Amino acid sequence: MNVSIVGSGYVGTTVAACLADLGHEVVTIDIDEDIVDAVNDGESPIHEPGLDELVAEHGGGRLRASTDYAEILDTELTMLALPTPSNDDGSIDLQFMEAGAASIGEALAGAENATEGPHLVVTKSTVVPNTTENRLAARIADAGLERGTDFLVASNPEFQREGTAVADFLNPDKLVFGTDDDRATDLLHDLYEPLREAADGDTPVVETGIAEAEMIKYANNTFLATKVSLINDIGNICKEFGVDAYEVADAIGLDDRIGEQFLRSGVGWGGSCFPKDTDAIIAAARERGYDPAVLSAAVELNDTQPERLLSLLDDHVDVSGKRIAVLGLAFKPGTDDIRNTRAVPVIEGLQERGADIVAYDPVATENMRERYPDIEYADSAANALAGASGAVVVTDWDEFAALDAEFDDMANPVVVDGRRIIERRDGLTYEGLTW
Ligand SMILES: NC(=O)C1=CN([C@@H]2O[C@H](COP(=O)(O)OP(=O)(O)OC[C@H]3O[C@@H](n4cnc5c(N)ncnc54)[C@H](O)[C@@H]3O)[C@@H](O)[C@H]2O)C=CC1
Ligand SMILES: O=C(O)[C@H]1O[C@H](OP(=O)(O)OP(=O)(O)OC[C@H]2O[C@@H](n3ccc(=O)[nH]c3=O)[C@H](O)[C@@H]2O)[C@H](O)[C@@H](O)[C@@H]1O
């Protein structure tokens, strides 16, 4: 199939490179010329394990990039993989999606569509229910086009995670096709047929309405975020009783109805999606007169975990004027992404207390330096710990599990672990956040 993808960022590039690898002819359209040049030169514009190899193999061949929306005319369907950030009040900001949809409309209106039948426009980005039909279809139609005759719309949300995006896309737990037209459903089946064949054909396909598909994505992300907040709530209770929340989580995870994943309690969830998607669906619900009590509590609890971490440190050290090590800055291990990382409230809490911060992360230091240029950054965990009067662990990087003698070089060996990654041992004052 000939496929176009508007937006060549984390999702667009990953999906494009994987679809090219599965045999489709794919073109990505991006306004950023550096990204377009990189893809055509066979270089991945983003860091994801396995993506460099796929872009190197197909870039400039079955995978091309362009700044020209007219490229969509030679394709059977166009996916929108544009950003959906938050407005100041937490609601979804649709400016990028509406601009992309308007450009698609202009391209479709301005030239003869080379493919048979109405062009299919698929929302890959995460958008609140009814956005595709009410907002995006309307922007496409603004060019003088008629939905149903000139174009169709559908929703096909994406569930990949950062750090494992290629593997997640190629081996999904499910595919969700939100359509209101048989031709749209058939095209999505054609698109994913090679993926399902490669995955032994047993990937479940959920055929549903467009708004249902949009809501499935929010339900998925907010359920997982709430699951982590719930285990953090339970973990905080455990801590009050001196009970190990990880032993409790391991046991309850054996119940199939609960499941073992997303039960790692600690300093909370961050990243480019859980916080913005939770805020967006809460804002959209409130706009319609419903206040989602559980989701609001999940956010509130997530916001308090960093302060709980710091109050445990306060129990052992008066941090004012003292050197305090922050281990881990990325929102999770395996990425240099610091968007909504829990390290930010931890750093700000330490600054409010007058601490002298020294931070370390294996890959995210430069990103954090842009945000906080005035704090000290160490080039190793050992150098961050040397002379420190206390340390907090924010990201569960594997290398922190190997730390041992490095704690002996601290001025005062106190560690508060927000991710259950450091070994408790003699000579170290160790506090786990929920154990
Ligand atoms: N990052 C992730 O792991 C996941 C993200 N999502 C969702 O996918 C969507 C996209 O997210 P990311 O890929 O992370 O965004 P991103 O910010 O990495 O990429 C967006 C790309 O769109 C380009 N762009 C902006 N305006 C444009 C326009 N008018 N025309 C053409 N290109 C334009 C930008 O230059 C950028 O390269 C969001 O809705 C997000 O919630 C869903 C699942 C996973
Ligand atoms: O919509 C998205 O962008 C994506 O958001 C998340 O993926 P991601 O944010 O990349 O990372 P996760 O592995 O889900 O972790 C999110 C946060 O939760 C935290 N977490 C996760 C699991 C856990 O048990 N405990 C915990 O604190 C992580 O440390 C991290 O800060 C979802 O897992 C993906 O399915 C979804 O596609």
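Biologist: How much area is buried between domain 1 and domain 2?
Modeller: About 2200 Å². Carbon and sulfur atoms give 59% of that. Keep in mind that this is a predicted model.

Biologist: Which residues of domain 1 lose the most area to domain 2?
Modeller: Thr-126, Pro-129 and Glu-162. Together they make up 26% of what the domain 1 side buries.

Biologist: Back up a bit. Where are the bounds of the two domains?
Modeller: The domain assignment puts domain 1 at 2–208 and domain 2 at 209–435.

Biologist: And how many residues does each domain put into the contact?
Modeller: Domain 1 gives 33 residues, and domain 2 gives 26.

Biologist: How far apart are the C-alpha centres of the two domains?
Modeller: They lie 33 Å apart.

Biologist: Now charges. How many salt bridges cross the interface?
Modeller: The rule finds 1 between domain 1 and domain 2.

Biologist: What does Glu-162 form a salt bridge with?
Modeller: With Arg-339. The closest N and O atoms are 3.4 Å apart. Glu-162 is also one of the residues of domain 1 that lose the most area to domain 2.

Biologist: How many residue pairs are in polar contact across the interface?
Modeller: 10, with both residues at pLDDT 80 or more.

Biologist: Which helices or strands supply at least two residues of the domain 1 side?
Modeller: Helix α5 (131–141) does, and so do strands β6 (151–155), β7 (175–178) and β8 (205–208).

Technical notes:
Residues numbered from 1 in each chain as written. Chains lettered and ligands numbered in written order. Predicted model: local features only at pLDDT ≥ 70, side-chain atom pairs only at ≥ 80, totals over all residues. Heavy atoms only, no water. Domains from an automatic or database assignment. Contact = heavy atoms within 4.5 Å. Buried area = accessible area lost by both parts, 1.4 Å probe. Salt bridge = Lys/Arg side-chain N within 4 Å of Asp/Glu carboxyl O. Polar contact = N/O pair within 3.5 Å; in protein donor to acceptor, adjacent residues only side chain to side chain. Helix = DSSP H or I, 4+ residues; strand = E, 2+ residues; numbered from the N terminus.
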